[in-house]
Amino acid sequence: MKIFGICASPRNNTTEYVLKDALEKLEKNNFECEIFTCQAKDIKPCMHCDYCIENKECIIKDDMIEVYENLKSADGIIIATPVQSGGISSNLAAIMDRTRALEAIDYNLLRGKIGMSIAVGGDRTGGQDFAHLKIITYYMIHGIIPVSGGPFGSNLGASFWSNDSLEDIKADTYGMESLERTLNEFKNFLNKYI
Ligand SMILES: Cc1cc2nc3c(=O)[nH]c(=O)nc-3n(C[C@H](O)[C@H](O)[C@H](O)COP(=O)(O)O)c2cc1C
């Protein structure tokens, strides 16, 4: 089964560290993993030109092409975002809006895939849950089945406190536990429903 991970940070640092850790663990369980990182990528915002509705493709030819291809072929999707302004990054907002073009091609393209969420905040309670809710809402809109890590600490997904430092995120054992629980449920859902 193929897993596609999106690192929605504009740089390669704490969010990428956590996502890579998650993908490495999945690879050890024989999942085929692909990562896309927004760092130095060109993903323009949706212009609402409706070209995709008419022509079944997005008019903007930028790095979103790589995201489209991977979203289409993935069985499972992991979106990892840094918490920005109490929610998701602007890079991720652009990716979410631009997914409209995939729906225009085929309404069922993403339906039935499994999705999980990772949120990395500089603060302990900086808006991780709002970021998760936005990602879960995106999954629901596109018919992707969102997983929770279950009650007791991973209710909406894996939540991290980075203190804006690679050293500190590596020491965030509570965050790592929330990742383990969410990954376990992600694997359970993939094995049950795909
Ligand atoms: C523009 C901007 C807004 C941010 N807003 C928040 C916020 O609202 N809450 C929070 O906990 N951290 C916030 N942060 C901190 C980042 O979430 C944190 O440093 C995170 O680890 C960055 O991920 P990265 O290392 O993968 O880039 C913000 C950072 C930036 C650059």
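Me: Of the residues around the ligand, which come nearest?
Reply: This is a predicted model, in which local features need pLDDT of at least 70, side-chain atom pairs count only at pLDDT 80 or more, and totals for chains, interfaces and linings use all residues. Residues are numbered from 1 along each chain as its sequence is written. A residue is near a molecule or strand if its C-beta atom, placed from the backbone, lies within 6 Å of it. There are 19 residues around the ligand, and those that come nearest are N13, T15, G121, G122 and G126.

Me: Which elements give two or more residues to that shell around the ligand?
Reply: Helices (H or I, at least four residues) and strands (E, at least two) are DSSP runs, numbered from the N terminus. Three residues, the largest share of the shell, come from α1. The elements giving two or more are α1 (14-28) and β4.

Me: How do the residues of the shell divide into nonpolar, polar and charged?
Reply: Ala, Val, Leu, Ile, Met, Phe, Trp, Tyr, Cys and Pro count as nonpolar, Asp, Glu, Lys and Arg as charged, and the others, Gly among them, as polar. Sorted this way, the shell around the ligand has three nonpolar, twelve polar and four charged residues.

Me: Is T15 buried or exposed?
Reply: T15 is found in helix α1. A residue is buried if 20 or more other C-beta atoms lie within 10 Å of its own, exposed if 12 or fewer, and partly exposed in between, with C-beta atoms placed from the backbone. Because 28 other C-beta atoms lie within 10 Å of T15, it is buried.

Me: How far apart are the C-alpha atoms of T15 and V120?
Reply: Contact here means that two C-beta atoms, placed from the backbone, lie within 7 Å. Leaving out residues up to four places away in sequence, T15 touches C7, A8, S9, A80, T81, P82 and V120. T15 and V120 are 105 residues apart along the chain, yet their C-alpha atoms are separated by 6.1 Å.

Me: How far does α1 reach from its first C-alpha to its last?
Reply: The expected span of a helix is 1.5 Å times one less than its number of residues. With 15 residues, α1 is expected to span 21 Å, and its reach is close to that, at 22 Å.

Me: Why is strand β3 largely enclosed by the rest of the structure?
Reply: Let's look at its two sides. G76, I78, A80 and P82 point one way from β3, while I77, I79 and T81 point the other way. In a regular strand the side chains alternate between the two faces of the sheet. The strand is largely enclosed because, of its seven residues (76-82), the number buried is seven.

Me: How many bridges pair β3 with strand β4?
Reply: Two strands pair if DSSP finds at least two bridges between them. On one pairing, strand β1 (residues 2-7) runs parallel to β3 and is joined to it by five bridges, with C7 opposite A80. In the pairing with β4 (residues 114-121), I77 has G115 as its bridge partner. That pairing is parallel too, and its bridges number seven.

Me: What covers the buried residues of α6?
Reply: Buried in α6 are Q128, A131, H132, K134, I135, I136, Y138 and Y139. Their cover includes β3, α4 (90-98), β4, β5 (145-146) and β6 (158-161).

Me: Is A40 buried or exposed?
Reply: A40 is found in the loop between β2 (32-37) and α2 (51-55). Since A40 has 9 C-beta neighbours inside 10 Å, it counts as exposed.

Me: What is the phi of F152 near?
Reply: F152 lies in the loop between β5 and β6. It is exposed, with 9 other C-beta atoms within 10 Å. Its phi is positive in a residue other than glycine, near 70°.
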